[in-house]
Amino acid sequence: MRVDAAMCILCGACSGVCPVNVIEVSSTHVNIQEGCTRCGLCAKVCPVGAIGFGDPRSKRVKRFQRRQA
Amino acid sequence: MKEKYDVVVVGAGPAGSMAARATARGGARVLMLDKRRELGVPVQCGEALNEGVLKELKIAPDPRWALNKTNAVKLVSPSGIEVRIVEKEVMGKIGYILDRKIFDKHLAILAAKEGADVMVGALATGLMIKDGRVAGVKGVGVGGKFEFFSDIVIAADGVGSRVARWAGLNTALKLVDIESGAQFQMVDIDFESQTMMEFYFGNKIAAGGYAWVFPKGDHMANVGLGVLGGRAEGPAIDYLRAFVEKMPNLRKGKIIEINAGGVPVSGPLERTVKDGLLVVGDAARQVNALTGGGIDHAMRAGDIAGEVAAKAVSEGDTSEKRLMEYEKRWRELMGKRLERYLKAKNVLVSLTDDDLDKLAKALSEVKFEGISLTGMLRVLLKAHPKLLWKLRGLM
């Protein structure tokens with residue numbers, strides 16, 4: 001998963017749904033640790049669309065997130 | 001840095017600060033950690049709070065953080081039918097619109113004044129485990145790596161809730177159990193009244209949630225919404241932009257702050273204690289699932305947790321069995337209520353826009369004498385017996 005630091009608001013919603021507890025939200029960035037299963041729940045719950053399988057800024061990823069949601 | 005405390009609290013939101021304050025008051029050595037370098041930031045909240053909890057916990061409202069008093073509610077259905085409820089009918093409750101940036105700091109100061117140590121810019125990265133039980137917190141912060149041993153850890157780390165999971169409690173939220181929220185603090189906007197909180201319903205406006213306008217002051221308000229994880233077609237902030245664009249009184253406003261966050265609406269955890277561990281607030285999912293409000297429950301639960309933790313430390317027994325007093329007491333205080341709200345939420349999210357309009361119409365035609373969930377339902381059922389089936393979960 002990729003997190004766009006410019007879009008991320010550091011709210012921690014992603015960490016709350018992560019089934020394997022590998023998302024660390026610090027005071028400055030989101031760090032996806034080892035063990036990510038690429039389930040994509042974090043991307044679906046992100047209130048600002050800052051997480052994606054690819055570059056969260058790309059239109060393609062945005063469309064994917066909308067479809068998945 | 002290595003040191004030993006009786007109790008370490010992870011997270012300095014309302015739950016954590018109340019827990020740290022009560023722990024210190026009970027005579028135990030307590031440290032409260034928070035990853036943030038500035039408490040209260042970033043705001044992840046609509047910032048509305050009932051005055052009741054402040055009275056109970058003896059916290060005097062201060063105009064620096066209690067920005068605005070509200071005493072009325074306006075509910076708006078998808079097609080625009082309005083239901084107004086004024087103070088006396090909202091069970092005599094007065095609400096405050098807070099400035100969480102100041103409020104959260106104030107609560108941390110109360111904890112510190114009571115004797116709690118506070119460490120900001122300190123991210124917990126794991127628990128210390130000794131003989132199979134929680135024995136402290138490790139992490140990294142502005143001052144480098146740290147390890148703090150303690151008899152009890154209080155997990156107050158909010159919606160992300162990692163600490164409890166490190167201890168073996170599964171707090172992971174399903175997608176349908178989290179509201180994804182976004183909010184603009186807006187200025188230069190119009191609204192009906194500075195004392196009225198506005199709620200807008202509809203699956204196009206906020207799928208499985210609602211939008212709100214909470215006045216913060218003169219021509220200034222928190223404008224936000226929450227969408228249910230499994231329902232939303234796209235990020236919450238896209239819904240919010242569309243909502244603001246649709247409202248003539250908001251469209252011309254200016255955004256001076258963007259907030260976002262997740263609200264757990266799963267109902268509370270099945271178990272909130274383990275040997276040497278207490279879970280409080282959003283981390284324990286102690287949230288009103290219907291409204292998404294969590295500050296008051298977090299503060300009450302935090303206060304109980306701190307009191308129990310201090311007692312357990314002084315008795316030299318911090319086992320799960322001893323700490324169950326916390327779980328028993330918070331469930332007595334708010335367990336039934338939280339369950340009821342959860343049922344009501346499940347009903348609300350099952351309603352179509354058409355149902356919501358019918359509901360609003362029925363409500364708008366009735367003059368309430370004091371409002372309660374059951375009273376409201378009685379009115380509704382008389383007017384729209386067909387809704388009965390959908391609302392049966394509330395009986």
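Predicted model: local features only at pLDDT ≥ 70, side-chain atom pairs only at ≥ 80, totals over all residues.
Residues are numbered from 1 along each chain as its sequence is written, while chains are lettered from A and ligands numbered from 1 in the order in which they are written.

Along the principal axes, the C-alpha atoms of chain B fill a box of roughly 60 × 45 × 40 Å. Chain B contains 11 helices and 18 strands, where helices (H or I, at least four residues) and strands (E, at least two) are DSSP runs numbered from the N terminus. Buried residues account for 50% of the 395 residues in chain B; a residue is termed buried if 20 or more other C-beta atoms lie within 10 Å of its own, exposed if 12 or fewer, and partly exposed in between, with C-beta atoms placed from the backbone. Of the contacts in chain B with a separation of 6 or more, 72% join residues 24 or more positions apart, a contact being defined by C-beta atoms, placed from the backbone, that lie within 7 Å.

An open sheet of chain B is formed by three strands in the order β3-β7-β4, with antiparallel pairing, two strands being paired if DSSP finds at least two bridges between them. Its edge strands, each pairing on one side only, are β3 (48–50) and β4 (66–70) of chain B. Neighbouring strands of this sheet are turned by 35 degrees against each other on average, direction ignored; the axes are lines fitted to C-alpha atoms, for helices over the stretch in contact, and angles run from 0 to 180 degrees between N-to-C directions. Between β4(B) and β7(B) (residues 95–98) there are four bridges, and Lys69(B) stands opposite Tyr96(B) in β7(B).

Strand β13(B) (residues 196–201) pairs in the parallel sense with β5(B) (residues 72–76) over five bridges, and Met197(B) in β13(B) is the bridge partner of Val73(B). Four bridges also join β13(B) to β14(B) (residues 210–217) in the antiparallel sense, with Glu198(B) opposite Val213(B) in β14(B).

Helix α7(B) (residues 295–315) has 21 residues and reaches 30 Å from its first C-alpha to its last, close to the 30 Å expected at 1.5 Å a residue, the expected span being 1.5 Å times one less than the number of residues. The helix is mostly covered, with 18 of its 21 residues buried, and α7(B) is followed by Gly316(B), whose phi is positive, near 75 degrees. Ile152(B), in strand β11(B) (residues 144–155), counts as buried because it has 30 C-beta neighbours inside 10 Å. Leaving aside residues up to four places away in sequence, Ile152(B) touches several residues, among them Asp6(B), Gly276(B), Ala309(B) and Thr318(B).

The contact between the chains takes 24 residues from chain A and 32 residues from chain B. On the side of chain A that touches chain B, the elements giving two or more residues are α1 (13–17), α2 (41–45) and α3 (59–68) of chain A, and α1(A) gives the most, with four residues.

Conventions
Contact = placed C-beta atoms within 7 Å.
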